[in-house]
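Welcome, and take a moment to look around before reading on. The tour below moves from ring pairs to the core, then to a helix and the ligand.

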Amino acid sequence: MRIVLYVLAAFIIYQILIRLIRKVFHFPAPAFIGRFLDSNIRRAMQPPAALIRRSGIQPGMRVLEIGCGSGAYTLEIARAVGATGKVVALDIQPGMLEQLKNKLTRSENTDIRNVEPLLASAYQLPFQNGSFDAAFMITVLQEIPDKWRALAEVRRTLRPGGIVAVTEWLFDPDYPLKQTTLRLLKEAGFENIDSSGNLWTYTVRGYRQ
Ligand SMILES: C[S@@+](CC[C@H](N)C(=O)[O-])C[C@H]1O[C@@H](n2cnc3c(N)ncnc32)[C@H](O)[C@@H]1O
């Protein structure tokens, strides 16, 4: 029992300290944490299958992953959309994209040919209006200082009826409460907004009309 309390106390102290630091120093998650983001422990906490189901990703979709990082979820999503679908995996850090590219060259992933890694910012998406069926952000939105600008770009690049899915994870130092994410999507003009998951990890989904 005592050990549980210690772990809980350590987690709370970690969360308070890291959040205070993040308030003063704003920077993207450094590329070296890419390997921690893509770990079995994380997959146990945020299972890819649940995340894909909650985001509404279906075979044949053309999807945009914003802030793909080291690609912790990119490969599963690429398999979920299948050969007739496509994943554009975008990040502002070359170091993160390198990790994704390395994963794509591994022998167990040679079946995946529908991922396009792309160095670009959510602020200026290099795509025409209505290019995607779905866009998703996993522990990314709160890392972007001008969230409304990024969401406006996402909305522009989605087709009418397209889905935006924002997933957050309590362990992330930028974790916001679900109400905050619901409000952000509403302010950005998305409709039929819903949410699923729990306090630990949730997904908020909205549609472009
Ligand atoms: C905490 S990591 C999450 C990575 C991945 N989505 C995951 O869940 O493992 C956040 C990622 O968002 C990227 N990022 C931050 N600001 C961005 C922006 N303006 N445009 C695109 N990516 C951005 C960072 O470089 C970083 O790789």
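## Aromatic pairs

Counting the ring pairs gives 5 aromatic pairs. One of them joins Phe127 and Phe132 in an edge-to-face arrangement, with 4.9 Å from centre to centre and 90° between the planes. Please keep in mind that this is a predicted model.

Are these two residues buried or exposed? Phe127 is buried, with a relative accessible area of 14%, and Phe132 is buried too, with a relative accessible area of 1%. The pair of Trp169 and Phe171 is tilted, because the ring centres are 5.4 Å apart and the planes stand at 40°. Here Trp169 counts as buried at 7% relative accessibility, whereas Phe171 counts as partly exposed at 33%. Trp169 and Phe171 also belong to one aromatic cluster, together with Phe11 and Tyr14.

## The nonpolar cores

Phe127 turns up again in the largest nonpolar core, which has 29 residues. Which members touch the most others? They are Leu64, Ile66, Leu90, Phe127, Leu151, Val154 and Phe190. Several elements each supply at least two residues of this core: strand 1 (62-66), strand 2 (86-91), strand 4 (132-138), helix 7 (147-157), strand 5 (158-169), helix 8 (178-187) and strand 7 (201-207).

Leaving aside residues up to four places away in sequence, Ile66 touches Leu90, Ala122, Leu125, Phe136, Met137, Val140 and Val154.

## Helix 4

Leu51 leads us to helix 4, where it is one of the buried residues. This helix spans residues 48-55 and is mostly covered, with 6 of its 8 residues buried. What do they pack against? Their partners are helix 3 (40-45), helix 5 (74-81), strand 4, strand 5, strand 6 (191-197) and strand 7. Just after helix 4 comes Gly56, which takes a positive phi of about 80°.

## Around the ligand

There are 21 residues around the ligand, and Arg42, Gly67, Asp91, Gln93 and Ile138 come nearest.

| Residue | Part of the residue | Distance |
|---|---|---|
| Gly67 | backbone N or O atom | 2.7 Å |
| Ser121 | side-chain N or O atom | 3.5 Å |
| Ile138 | polar backbone atom | 2.8 Å |

How much of the ligand does the protein bury? Taken alone, the ligand exposes 600 Å², and the protein buries 97% of that.

## A closer look at Gln93

Gln93, one of the residues that come nearest to the ligand, sits in the loop between strand 2 and helix 6 (94-105). Why does Gln93 count as buried? Its relative accessibility is 17%, and buried means under 20%. A polar atom of the Gln93 side chain lies 2.7 Å from the backbone oxygen of Ala29. Not counting residues up to four places away in sequence, Gln93 touches Ala29 along with Pro28, Pro30, Ala31 and Leu119.

Definitions and conventions: Residues are numbered from 1 along each chain as its sequence is written. This is a predicted model: local features need pLDDT of at least 70, side-chain atom pairs count only at pLDDT 80 or more; totals for chains, interfaces and linings use all residues. Side-chain values use heavy atoms; hydrogens and water are left out. A nonpolar core is a set of buried Ala, Val, Leu, Ile, Met, Phe, Trp, Tyr and Cys residues joined through side-chain atoms within 4.5 Å. Buried means under 20% relative accessible area, exposed over 50%, partly exposed in between (1.4 Å probe, protein chains only). Helices (H or I, at least four residues) and strands (E, at least two) are DSSP runs, numbered from the N terminus. Contact means heavy atoms within 4.5 Å. A residue is near a molecule or strand if one of its heavy atoms lies within 4 Å of it. A polar contact is a pair of N or O atoms within 3.5 Å; within protein, one must be able to donate a hydrogen and the other to accept it, and residues adjacent in sequence count only if both atoms are side-chain atoms. Accessible areas come from the Shrake-Rupley method with a 1.4 Å probe; for residues, only the protein chains shown count as cover. Rings of Phe, Tyr and Trp (its six-membered ring) pair if their centres lie within 6.5 Å; planes under 30 degrees apart count as stacked, over 60 as edge-to-face and the rest as tilted.
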